[in-house]
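Hi there,

Here is the structure I promised to pass on to you. Have a look at it first, and then read my notes below.

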Amino acid sequence: MNLEDIRRNYENFDDEKLIEIATKDIQSLRKEVIPILEAELFKRNISLADAQERTSVKSNTEPNTKKKKEDKIFTKENIEFMNSFEIPHILKNGKAYYVKGDITTIFSILLAVLLVLFLFKSQFGSGVKLILWTIIASILIKLILKKMNFGKIAEVHPTKIILPKYPTVNFGMFRIMILIRIASNQLGLLEFNYRDISRVYQKDTFTNKGYYLDIINSTSRETESHRVFLEVLSENDRNQILEIIKQKSDSAA
């Protein structure tokens, strides 16, 4: 089968079939076929994180014997292998990153509780009925937020990267305020040119635990340290951004 036939076949496959190939069979594909698969996934806006999430959801509905097999798909080596083909396309075309799914879920539940308790409590009554309508409202709100591209928190461009600035307070009740700031796009952002990034690293100390970038000031040539809020991203998105920064800063050095 020639490459054009393979391209047409991939165009006719549904999302689940493409994800199955990308997660289970990619290492057995011919080298020249992999860019065709990756291009079709990119065209449908399916990332490695999407594939992982859909596979996890599907595996949760299957018997335990199959779940053990699915768990082996997303090994560290497999994710790195997939990223090696996805990252070049991201650097060429750019990509937006969104907050991880559990943050969207928490925000949806909070909005649903406020909506049902304060606006519609008289109509829905109390007890089980109120809880049921709160659950329904939270699901609907989550779907609406997804359609509205809620929680865009980082962007990768060919020459620069935009990352969320770590908030000055991030504990206790202040975390609710951070959710609100994410929802209203009020969380501070930092924009860096790749050529100015000298180092990206992670601190493990209790008071300063998190991710940092060392930036060379283009005027004074002094190094400035900036803490970025990568914890709000999914693990795969976070690792992907870290790898992009590492590749670009190494090539600029």
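In what order do the 3 strands of the open sheet lie, and is their pairing parallel or antiparallel? The order is β5-β6-β7, and the pairing is antiparallel. At the edges are β5 (197-203) and β7 (223-228), each of which pairs on one side only. Direction ignored, neighbouring strands here are turned by 25 degrees against each other on average (axes are lines fitted to C-alpha atoms, and angles run from 0 to 180 degrees between N-to-C directions).

A word on where this comes from: the model is predicted, so local features need pLDDT of at least 70 and side-chain atom pairs count only at pLDDT 80 or more, while totals for chains, interfaces and linings use all residues. Residues are numbered from 1 along each chain as its sequence is written, and side-chain values use heavy atoms, with hydrogens and water left out.

Strands (E, at least two residues) and helices (H or I, at least four) are DSSP runs numbered from the N terminus, and two strands pair if DSSP finds at least two bridges between them. β5 pairs with β6 (residues 210-216) over 6 bridges. There, Arg199 has Asp214 in β6 as its bridge partner.

Now to β1 (residues 95-98), where you will find Lys95. This strand runs antiparallel to β2 (residues 152-156), joined by 4 bridges. Lys95 is partnered with Val156 in β2; their C-alpha atoms are 5.3 Å from each other, although the two are 61 residues apart along the chain. Ala96 has Glu155 as its partner in β2, and Glu155 in turn has Ile162 as its partner in β3. A hairpin through 3 residues joins β2 to β3.

Is Lys95 buried or exposed? Lys95 counts as buried because its relative accessible area is 18% (buried means under 20%, exposed over 50%, partly exposed in between, with a 1.4 Å probe and protein chains only).

Lastly, look at helix α9 (residues 128-147), which holds Ile131. Ile131 counts as exposed because its relative accessibility is 53%.

Enjoy exploring!
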